[in-house]
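Visitor: I'd like to learn how to read ring pairs and disulfides in a model. Can you walk me through it?

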Amino acid sequence: MRSLHNTPAMRRSAWPRRRPATRTRVRAALLLALPLGLLAGCSKPEPTGPAQTSFAALASACTQFLAARQPHVRPSGPGEWTLTGYSPALVQPEVTRTESPVTPYVGKLVIKDNEAQAHAPTEAAAQAIPLTPAHLLSNRTHTFIYSFDGQQWRWQNGQRLTKMPGQNDRVELVTLAEVSAAGPKGFAGCMPR
C-alpha cells in the first residue's frame, strides 16, 4: 500500500516548501499589511483654517490686481517714448505648516508673467501700438514669501528672476516699497491687508 504523502496530488502545495517559521512570518506580514492598506485609503486632508483661507483670499486679490494692469507709456529719451505692458500673470500660491509657534505657517506666491515693450517717437504713437509676442522683452518670475503669526499674513521678502533673450538671467531682491507700489509696475494687490 502506498502512502498518501507520496502521491503527486499531495506533493503539490499552494505554499512552496519552506521552513515552518518562514510560513508563519509571511502570514503575519500579510495579516498586518491588510489593515494598514485599508487605513492608508482613509486619510483625511488637513482642514482648512484661517491661515489657508486668508492666504487663498490674498492669492485671489493678487491675481485680480495683476489682471487689471494696463500698458503704460513713459518717456525713455529725447524724442522717444516707451510702451510697456505685461501678460496676464499666473499666480501660484503655496502654504506650508511649520513647527514654529511664532509663525505656524509660511506662504509663498510665485507670479509668472511676461514684459513687452515697444518704442515710438511720440506719446500718442506709443499708446497706439498693439503689443504682440514680437514685442516680448522678458519672462519674469516673482517669488514673494509671507509668514502667518496666527492672526494675519505679513510680507517677508521677495525676489524677481528675469530671463531676457540673449542675456544672462538676473535675480534681484524686491523691496517692500517696490511691492507696495500701486502703479502698473507695482504689486500692491499682492500685499496682505
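Guide: Let's start with a cluster: Phe 55, Tyr 105, Tyr 146, Phe 148 and Trp 153 are linked by ring pairs. Keep in mind that this is a predicted model, where local features need pLDDT of at least 70, side-chain atom pairs count only at pLDDT 80 or more, and totals for chains, interfaces and linings use all residues. Residues are numbered from 1 along each chain as its sequence is written, and side-chain values use heavy atoms, with hydrogens and water left out.

Visitor: What describes a pair of aromatic rings?

Guide: The distance of the centres and the angle of the planes. Rings of Phe, Tyr and Trp (its six-membered ring) pair if their centres lie within 6.5 Å; planes under 30 degrees apart are stacked, over 60 edge-to-face, the rest tilted. The whole structure holds 6 aromatic pairs. One of them, Phe 144 with Phe 187, is edge-to-face, at 5.4 Å centre to centre and 80° between the planes. Phe 148 and Trp 153 make a tilted pair, with 5.1 Å between centres and 45° between planes.

Visitor: Are Phe 148 and Trp 153 buried or exposed?

Guide: Both are buried (under 20% relative accessible area; exposed is over 50%, partly exposed in between, with a 1.4 Å probe and protein chains only).

Visitor: How many disulfides are there?

Guide: A disulfide is a pair of cysteine sulfur atoms within 2.5 Å, and the count here is 1. Cys 62 is joined to Cys 190, S to S 1.9 Å.

Visitor: Why is the disulfide right-handed?

Guide: Because the torsion about the S-S bond of Cys 62 and Cys 190 is about 65°. Cys 62 counts as buried, at 0% relative accessibility.
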